[in-house]
Amino acid sequence: MTRVYLSPPHMGGEELRLVEEAFETNWIAPLGPHVDAFEQEMALKIGVPHACALSSGTAGLHLALLMLGIGRDDEVVTSTLTFSATANAITYVGAQPVFVDCHASTWNMDPELLAEYLERRAGQGKLPKAVAVVDLYGQCADYGPLQATCARYAIPLLEDAAESLGATYQGRSAGSFGEMAVFSFNGNKMITTAGGGMLVSHNKTYTDRARFLATQARDPAPHYQHSTIGYNYRLSNVLAAIGRGQLRVLDERVAARRANFSFYQSALGDLPGLTFMPEAPYGMSTRWLTCILIDPAAFGASREDIRLALEKQDIESRPVWKPMHLQPVFQGCATVGGDVAASLFESGLCLPSGSSLSLSDKQRVVSIIHEVHDAARRG
Ligand SMILES: *Cc1c(COP(=O)(O)O)cnc(C)c1O
């Protein structure tokens, strides 16, 4: 039997033909017709007018922070429950991350904690320069109150939608909130280009500037002329071809991941001490990853017991993100709350969630979890 991965790539069928087109036309470069088309198709899908294809989601976050004018010793507020890329990008520009806890009902940034923190900092005359909000595990953050709070203090909001392509909030797509939003096409995300990202915005100034900075900041001149520091962050035309094929099956991928969740929920939902990441009533989660919480006292075994039992059968699962305020590298950074995220990390597990996951593999996952529970009950 082959290993079951957490969230493997899942090609749609047209990718290879589109890649061949790149070869036939010799656009083997970080620019070309697939890059342009991928940007247009993404913008259309998200309902945001402008997009810039990049080599990674992290590159997009880095450029977005640069374009917001964030620099040395500025403060940027972000979610503590996230992948490290969000916080890493803040440090790339020399700024200090401030980590805000999540709300248990969404696993995303708690809007009340953000409001309290900004009120306190306004009183001290030391407001942060930006708020980078993460849409976790396929679910949008609560943008109504988050945007209102940022607007009250005129602080730009940046949306890290790396995990949430295809999700909605009050009928609007993930990636349409804030000054700019960033997607990732890493191998484990909703759709993949092997590696890649996209910066989207309602404001063309940002995507134009991103394109300029991502191609080594070349001033208009026949020779190579530079008046600012540039980066090599553009997406390859070959990889954009993969992205175009993937985008065509995005809706099916969302449906498949939501079906994974429903399967797990109906097969595991009755076990004592086992609960699921909630879907907030304000939108649709893609269920990028199906996440469960284990209360060891009620379940009889721990999150780790389940993870190790799955691993023994060559099935990959992962603890929920370890919050940034608990990471050695971010020791000493300011944190607002943090106990909710810490407890989700303690008891949370992400189950195999790929859109190509077979029914028999899902059944194996479910029966292993039942076995762990039954064994614990027998003592
Ligand atoms: C994956 C991810 C990123 C980084 O995307 P890359 O394309 O891998 O650089 C950023 N933020 C979050 C929340 C992610 O999950």
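Rings of Phe, Tyr and Trp (its six-membered ring) pair if their centres lie within 6.5 Å; planes under 30 degrees apart are called stacked, over 60 edge-to-face, and the rest tilted. The model on screen is predicted, so local features need pLDDT of at least 70 and side-chain atom pairs count only at pLDDT 80 or more, while totals for chains, interfaces and linings use all residues. Residues are numbered from 1 along each chain as its sequence is written, and side-chain values use heavy atoms, leaving out hydrogens and water.

Across the whole structure, a search finds 13 aromatic pairs. Select Phe-38 and Phe-185 to see a tilted pair, 5.2 Å centre to centre with 45 degrees between the planes. Phe-38 lies in helix α2 and Phe-185 in the loop between β8 (180-184) and β9 (197-201), so the pair ties together parts 147 residues apart in sequence. Helices (H or I, at least four residues) and strands (E, at least two) are DSSP runs, numbered from the N terminus.

Next, select Tyr-143 and Tyr-169, an edge-to-face pair at 6.0 Å centre to centre and 90 degrees between the planes. Tyr-143 belongs to helix α6 (residues 143-152) and Tyr-169 to strand β6 (residues 168-169), 26 residues apart. Tyr-143 is buried, with a relative accessible area of 0%; Tyr-169 is buried too, at 3%.

Finally, select Phe-83, Trp-107, Tyr-137, Trp-288 and Trp-321, which form one aromatic cluster.

How values were computed:
Buried < 20%, exposed > 50% of the residue type's maximum accessible area, 1.4 Å probe, protein only.
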